[in-house]
Amino acid sequence: MMIDRRTLMGSVAAGAVLGALPVTFDPKHFAALNGASGLSPVDAQAATGAQARKIPWTNWSGSQRCEPRVRIAPKNEAQLSEVIAAARGPVRPVGAGHSFTALVPTDDTIISLARLSGVAAHESEPMQTRIGAGTRLGAIGKPMAALGQGLYNMPDIDQQTLAGATATGTHGTGATLSALHHYITEMRLVTATGDVMELSRDKNAEIFDAARVNLGALGVVSEITLRNMPTYNLKKTTWTEPFDDVLDRIDELGAEYRNFEFYYIPFSDMAICIGHNITDEPIVPRGPNEDGDAVMELRSLRDWLGWWPWARKKMTRAALEDAPMEHAVDEWWKIYPSERSVRFNEMEFHVPREEGPKVIRAIKERVEKDNISVFFPFEFRFIDEDDAWLSPFYKRKSCSIAIHRYHQENYHPMFEAMEPIYRAHGGRAHWGKHNSLGPEDVAALYPKWNDFLEVRRALDPDGKFLNTYLKGLMG
Ligand SMILES: Cc1cc2nc3c(=O)[nH]c(=O)nc-3n(C[C@H](O)[C@H](O)[C@H](O)COP(=O)(O)OP(=O)(O)OC[C@H]3O[C@@H](n4cnc5c(N)ncnc54)[C@H](O)[C@@H]3O)c2cc1C
């Protein structure tokens, strides 16, 4: 009945308490509907196995669904242009379907770039790689490291596509490291007319600023060039520590580790800390992934002791407090991502750096005072600022604080109760995670919101890329 300490250390601490993924898009499922799409037969190959019935789409957590008329995976950029030019809309690009918000659903056309995938080219001066927009982050590491290059940072899973991740401002952790989109040097964007635009700081600079975080609202990105660093190994250190002590020395921890984050385990007063630094030490591979077991142990503890928060706290704390420090050393792309084997819904807001500790403390206190029956950990990360117009880190060094609910539980009451705490501290929502921000809220939080809207209108005056959710935000 007790949480097993090793399981918790091996998996919760690995950041792994947070869910898993089905492959949302299997190439054999892509289909242009027979005759129903009104499109020219541009995708004869992708449509092999085309079916006359609609293929429902759902996101990873199951919180978003739709029945598009057409689901299509163009085989190259030329075909992508043709599909977009012929489509009536709403046209929605999709990556791995790992966003929780209603960015993708449409009753018309969903376009996947699963076939525009892979590392296309590289150069060493400046050090950068050109990558197909539909490439999963997990497919980038090995080939990039073989070229002697490394991503500056990664999020805590690697199942997202590069274009999908950057479109929502996806980030990892690190006080001096920015979100993924900050490292984009060039992009190719296919607009509503099917025209292809090259974007960089020198070419169409304003559109480049708008497009690095774009919500799929400006067109479909076909290729992204990333600035990289020489490949490296990371040493990952995992330990437990009282929550109050971690907050007392949070700045020190953020400076001591290149990548620092912690998870607060609700009803325990204990945090699980994870720090990475670049190292030359010998390889110590990560242990087996036990995340599913750990999260289910936390759930059992909640189910058995939820009515007695003091007993729950005592037992969870006992399971965590004497846990030994653990280390792993390996290549960057093997250390950053975790596997998620239990699905969840998530809310994450990014608050100004100095507000972070106050926000996570307020959330902890509220959850425990109201005995909210959550068992998923809360996650705390650092992210440096950047200058992409819709970046949640626009000109603001930030802390990101995330809360989660098991996918079979109703997430609305808890998220609705916590959102005012984030918002009282100037929180900007992760674009891909649950939130209720409307157009006025967004306009107040993003100094470049109106500039973005202007670029959007100029590129897509008829709103071909706007689904119901984006129309509500962008008009
Ligand atoms: C288990 C899990 C762990 C996560 N961990 C993190 C994390 O550590 N850090 C973090 O910041 N976020 C995290 N997220 C959120 C996730 O990174 C984002 O929601 C991300 O956008 C998902 O990428 P995707 O490829 O699934 O894109 P989707 O969710 O399919 O799409 C996201 C957006 O990108 C657009 N898009 C997709 N492809 C293109 C294209 N080619 N051109 C233009 N627009 C496009 C879509 O239209 C949509 O607006 C996590 C989510 C899950 C489910």
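This is a predicted model: local features need pLDDT of at least 70, side-chain atom pairs count only at pLDDT 80 or more; totals for chains, interfaces and linings use all residues.
Which residues does isoleucine 335 touch, not counting residues up to four places away in sequence? The first legend answers this, and the others visit further spots in the model.

**View 1. Isoleucine 335 and its contacts.** Isoleucine 335 touches Leu234, Lys236, His276, Ala328 and Asp330, not counting residues up to four places away in sequence; two residues are in contact if their C-beta atoms, placed from the backbone, lie within 7 Å. Residues are numbered from 1 along each chain as its sequence is written. Isoleucine 335 belongs to helix H10 (residues 332-335); helices (H or I, at least four residues) and strands (E, at least two) are DSSP runs, numbered from the N terminus. Isoleucine 335 counts as buried because 21 other C-beta atoms lie within 10 Å. The cut-offs, with C-beta atoms placed from the backbone, are 20 or more other C-beta atoms within 10 Å of a residue's own for buried, 12 or fewer for exposed, and partly exposed in between. From C-alpha to C-alpha, isoleucine 335 and aspartate 156 are 9.4 Å apart in space, yet 179 residues apart in sequence.

**View 2. The shell around the ligand.** Among the 35 residues around the ligand, Gly95, Pro155, Gly164, Gly216 and Gly432 come nearest; a residue counts as near if its C-beta atom, placed from the backbone, lies within 6 Å of the molecule. Strand E4 (91-94), helix H4 (162-167) and strand E11 (220-227) each supply at least two residues of this shell. H4 gives the most, with four residues. Sorted by class, the shell holds 17 nonpolar, 15 polar and three charged residues. Here Ala, Val, Leu, Ile, Met, Phe, Trp, Tyr, Cys and Pro count as nonpolar, Asp, Glu, Lys and Arg as charged, and the others, Gly among them, as polar.

**View 3. Strand E18, covered on both faces.** Strand E18 (residues 378-383) is largely enclosed by the rest of the structure, because six of its six residues are buried. In a regular strand the side chains alternate between the two faces of the sheet. In E18, Phe378, Phe380 and Phe382 are buried on one side, and Glu379, Arg381 and Ile383 are buried on the other. E18 pairs with strand E14 (residues 259-265) in the antiparallel sense over four bridges; pairing requires that DSSP finds at least two bridges between the strands. Tyrosine 264 has phenylalanine 378 of E18 as its bridge partner. E18 also pairs in the antiparallel sense with strand E19 (residues 398-406), over five bridges, and there phenylalanine 382 stands opposite cysteine 399.

**View 4. Backbone spots worth a look.** Most residues other than glycine have a negative phi, and most peptide bonds are trans. The peptide bond from glycine 89 to proline 90 is cis, with omega near -5 degrees; proline 90 sits in the loop between helix H2 (77-86) and E4. Glutamate 125 and proline 126 are also joined by a cis peptide bond, with omega about -5 degrees, and proline 126 lies in the loop between strand E6 (119-124) and strand E7 (127-132). Leucine 215 has a positive phi of about 55 degrees and is found in the loop between helix H5 (205-211) and E11. Lysine 395, in the loop between E18 and E19, has a positive phi near 50 degrees. Leucine 215 is buried, because it has 22 C-beta neighbours inside 10 Å, whereas lysine 395 is exposed, with 10 other C-beta atoms within 10 Å.
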